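Here is a friendly walk through one protein model. Have a look at the structure first, then read on.

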Amino acid sequence: MKDLIDIHTHSISSGHAYSTLQENLQIAKEKGLKYYGLSDHAPELEGSATWLHFSNIKNFPKEVYGVNFLAGIELNIMDSEGNVDNMPEFVLPGLDYAIASLHTICLAPGTREENTNAYLEALKNPNLKVLGHPDDARYDFDPEPVVKQAKKYHVAIELNNSSLKPGAFRSNAKDVIVPVLQYCQQYRVPIIMGSDAHYSFDVGNHEYAEKLLKEINFDTDLVINYHEHLIEEYILDSHKQYIKGIE
Ligand SMILES: [Zn+2]
Ligand SMILES: [Zn+2]
């Protein structure tokens with residue numbers, strides 16, 4: 001099946017990534033992606049860009065080299081109440097999408113209950129479209145309520161390719177993500193493969209993610225990357241229309 005999209009990528013603006021946005025877009029074009037999204041790390045991660053980067057990016061062209069450009073951010077979940085980076089309130093609604101993830105630099109792993117709660121609360125964020133790499137064994141959590149909460153708040157779950165690379169620094173990602181994927185199948189929650197590229201050559205690389213989906217016989221109808229209608233519903237459309245009236 002044709003992989004249309006990669007929205008988890010970083011540029012030199014993240015501080016620990018090594019390619020420019022233009023270089024990333026060149027590779028996105030070479031790999032035949034229809035959509036490319038830049039999701040630099042939000043300001044609380046050491047060395048990343050300030051809120052101004054995320055505010056100004058709306059002026060970047062919407063199409064480059066025939067690839068649709070999406071402006072995003074990878075937020076840091078900062079505490080077990082699910083709070084994310086503190087920025088002027090107009091910044092996030094001005095972006096096409098937000099991913100939220102746990103990073104040890106911003107939040108040390110807590111108890112199973114605390115980690116689960118961090119995800120459950122972060123999923124309520126009205127700007128959130130994707131829960132990033134819930135696959136890190138350092139953060140023990142209960143996958144079933146997290147997947148159910150993702151469904152309730154119309155948020156996609158990421159299958160992160162970098163986590164699955166041999167020798168990846170997020171430990172035992174496969175053991176953690178497989179039960180998450182199984183609950184996604186059970187509750188019909190779409191997933192999105194993300195490269196988490198920190199250099200241009202890795203843009204659009206979903207090799208290990210695709211391999212794992214085949215291995216567990218995951219229903220491709222739930223993989224956003226393969227379906228334009230899911231990209232529209234989960235990534236392009238205004239998220240707010242889906243979550244209006246919840247709680
Ligand atoms: Zn990074
Ligand atoms: Zn991350």
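## Before we start

Two residues are in contact if their C-beta atoms, placed from the backbone, lie within 7 Å. With that in hand, arginine 138 touches Thr104, Pro109 and Ser171, leaving out residues up to four places away in sequence.

This is a predicted model, in which local features need pLDDT of at least 70, side-chain atom pairs count only at pLDDT 80 or more, and totals for chains, interfaces and linings use all residues. Residues are numbered from 1 along each chain as its sequence is written, while chains are lettered from A and ligands numbered from 1 in the order in which they are written.

## The overall picture

The protein chain has 9 helices and 8 strands. Helices (H or I, at least four residues) and strands (E, at least two) are DSSP runs, numbered from the N terminus. The radius of gyration of the chain is 16 Å, close to the 18 Å that the globule rule gives for 247 residues, so the chain is as compact as a globular protein of that length. Here the radius of gyration is taken over C-alpha atoms, and the globule rule is 2.2 Å times the number of residues to the power 0.38. Along the principal axes, the C-alpha atoms fill a box of roughly 45 × 40 × 40 Å.

How much of the chain is buried? Of the 247 residues, 51% are buried. A residue is buried if 20 or more other C-beta atoms lie within 10 Å of its own, exposed if 12 or fewer, and partly exposed in between, with C-beta atoms placed from the backbone. Among contacts between residues at least 6 apart in sequence, 79% join residues at least 24 apart.

## The nonpolar core

A nonpolar core is a set of buried Ala, Val, Leu, Ile, Met, Phe, Trp, Tyr and Cys residues joined through C-beta atoms within 7 Å. The largest one here has 73 residues, and Ala98, Ala100, Leu123, Ala150, Ile157, Ile191 and Ile224 touch the most other members. Helix H6 (residues 173-187) gives this core its largest share, 6 residues.

Leaving aside neighbours within four places in sequence, alanine 150 is in contact with Leu123, Leu131, Val155, Ile157 and Val189.

## Helix H4 and its partners

Helix H4 (residues 143-152) and H6 have axes that come within 9 Å and cross at roughly 45°. Axes are lines fitted to C-alpha atoms, for helices over the stretch in contact, and angles run from 0 to 180 degrees between N-to-C directions. H4 and H6 are therefore oblique to each other. Angles under 35 degrees count as roughly parallel, over 145 as roughly antiparallel, 65 to 115 as roughly perpendicular and the rest as oblique. Where the two helices meet, Pro143, Glu144, Val147, Lys148 and Lys151 of H4 face Pro179, Val180, Tyr183, Cys184 and Tyr187 of H6 in contact.

Which way do helix H3 (residues 112-122) and H4 cross, and at roughly what angle? Their axes come within 9 Å and cross at roughly 5°, so H3 and H4 are roughly parallel to each other. Thr116, Tyr119 and Leu120 of H3 make the contact with Pro145, Val146 and Gln149 of H4.

Proline 145 sits in H4 and is partly exposed, with 15 other C-beta atoms within 10 Å. Proline 145 and tyrosine 183 are 38 residues apart in sequence, yet 9.4 Å apart in space, C-alpha to C-alpha.

Arginine 138 lies in the loop between strand E6 (130-131) and H4, and is partly exposed, with 14 other C-beta atoms within 10 Å. Serine 171 is in the loop between helix H5 (161-164) and H6, and counts as exposed, with 12 C-beta neighbours inside 10 Å. The C-alpha atoms of these two residues are separated by 6.9 Å, although serine 171 and arginine 138 are 33 residues apart along the chain. Serine 171 is in contact with Asp136, Ala137 and Arg138, leaving aside neighbours within four places in sequence.

Arginine 188 has a positive phi of about 60° although it is not a glycine. Arginine 188 lies in the loop between H6 and strand E8 (191-194), and is exposed, with 11 other C-beta atoms within 10 Å.

Asparagine 217, also not a glycine, has a positive phi near 60°. Asparagine 217 is in the loop between helix H7 (207-215) and helix H8 (228-236), and is exposed, with 8 other C-beta atoms within 10 Å.
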